[in-house]
Amino acid sequence: NVSGACDSQLAQRAAQQGAREMKAGDLKHALSYYQDAATACPKNADIELKLGQVYEAMGQRAFAREHYRRAEVLAIQDNPALADRARKALAHLEPQQ
């Protein structure tokens, strides 16, 4: 995979399997599939958002924040709604003042 290149078919298949595993409650396998999807398409904001959700469900808040931030940055230009979802997920993780 050339840096920045995207294998969208592979990413889509891996993300679909990740969603199935997440729905089944198998966070470890969901994480693995979403990581495969992110490797196939490293600049996909939706996959970054999903990674954040899996890490949040696993209680790994620092990793969740990292992926939510990345999703927001990647989506800001092309998908403001997704960027907003990432921003809200990030705000949910931040300590309340």
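Axes here are lines fitted to C-alpha atoms, for helices over the stretch in contact, and the angles between them run from 0 to 180 degrees between N-to-C directions. With that in hand, welcome to this predicted model. The axes of α3 and α4 come within 8 Å and cross at roughly 160°. Angles over 145 degrees count as roughly antiparallel, and therefore α3 and α4 are roughly antiparallel to each other.

**α3 with α4**
- The crossing in which α3 passes α4 is left-handed.
- On the α3 side, the contact includes A45, E48, L49 and L51, along with G52, Q53, Y55 and E56.
- Their partners in α4 are F63, A64, H67, Y68, R70, A71, L74 and A75.
- Sorted by class, this contact has ten nonpolar, three polar and three charged residues.

**α4 with α5**
- Helix α4 covers residues 61-75 and helix α5 covers residues 80-93; their axes come within 8 Å and cross at roughly 155°.
- That crossing angle makes α4 roughly antiparallel to α5.
- Here α4 passes α5 in a left-handed crossing.
- From α4, the residues R61, A64, R65, Y68, R69, A71, E72 and A75 take part in the contact.
- They meet P80, L82, A83, A86, R87, A89, L90, H92 and L93 in α5.
- The residues of this contact divide into eleven nonpolar, one polar and five charged.

**α1 with α2**
- The axis of α1 and that of helix α2 (residues 27-40) come within 8 Å, crossing at roughly 165°.
- The two helices, α1 and α2, are therefore roughly antiparallel to each other.
- A left-handed crossing is formed where α1 passes α2.
- α1 brings L10, A11, A14, A15, Q17, G18, A19, E21 and M22 to the contact.
- Facing them in α2 are L27, H29, A30, Y33, Y34, D36, A37 and A40.
- By class, you will find twelve nonpolar, three polar and two charged residues in the contact of α1 with α2.

**The largest pocket**
- The largest pocket holds about 150 Å³ of space.
- It is lined by 13 residues, and the closest to its centre are A11, Q12, A15, D46 and I47.
- Two elements, α1 (8-24) and α3 (45-57), are the ones that give two or more residues to the lining.
- α1 gives the most to this lining, with six residues.
- The lining is made up of seven nonpolar, four polar and two charged residues.

Methods: Residues are numbered from 1 along each chain as its sequence is written. This is a predicted model: local features need pLDDT of at least 70, side-chain atom pairs count only at pLDDT 80 or more; totals for chains, interfaces and linings use all residues. Side-chain values use heavy atoms; hydrogens and water are left out. On a 1 Å grid over the protein atoms alone, a cavity is a set of points where a 1.4 Å probe fits but cannot get out, and a pocket is an open set with protein on both sides within 12 Å along at least five of seven lines; lining residues have an atom within 4 Å of a point. Grid points are joined across faces, edges and corners, and a volume is the space filled by probe spheres set on the points. Helices (H or I, at least four residues) and strands (E, at least two) are DSSP runs, numbered from the N terminus. Ala, Val, Leu, Ile, Met, Phe, Trp, Tyr, Cys and Pro count as nonpolar, Asp, Glu, Lys and Arg as charged, and the others, Gly among them, as polar. Angles under 35 degrees count as roughly parallel, over 145 as roughly antiparallel, 65 to 115 as roughly perpendicular and the rest as oblique. A crossing is left-handed if the near helix is turned anticlockwise from the far one by less than a right angle, and right-handed if clockwise. Contact means heavy atoms within 4.5 Å.
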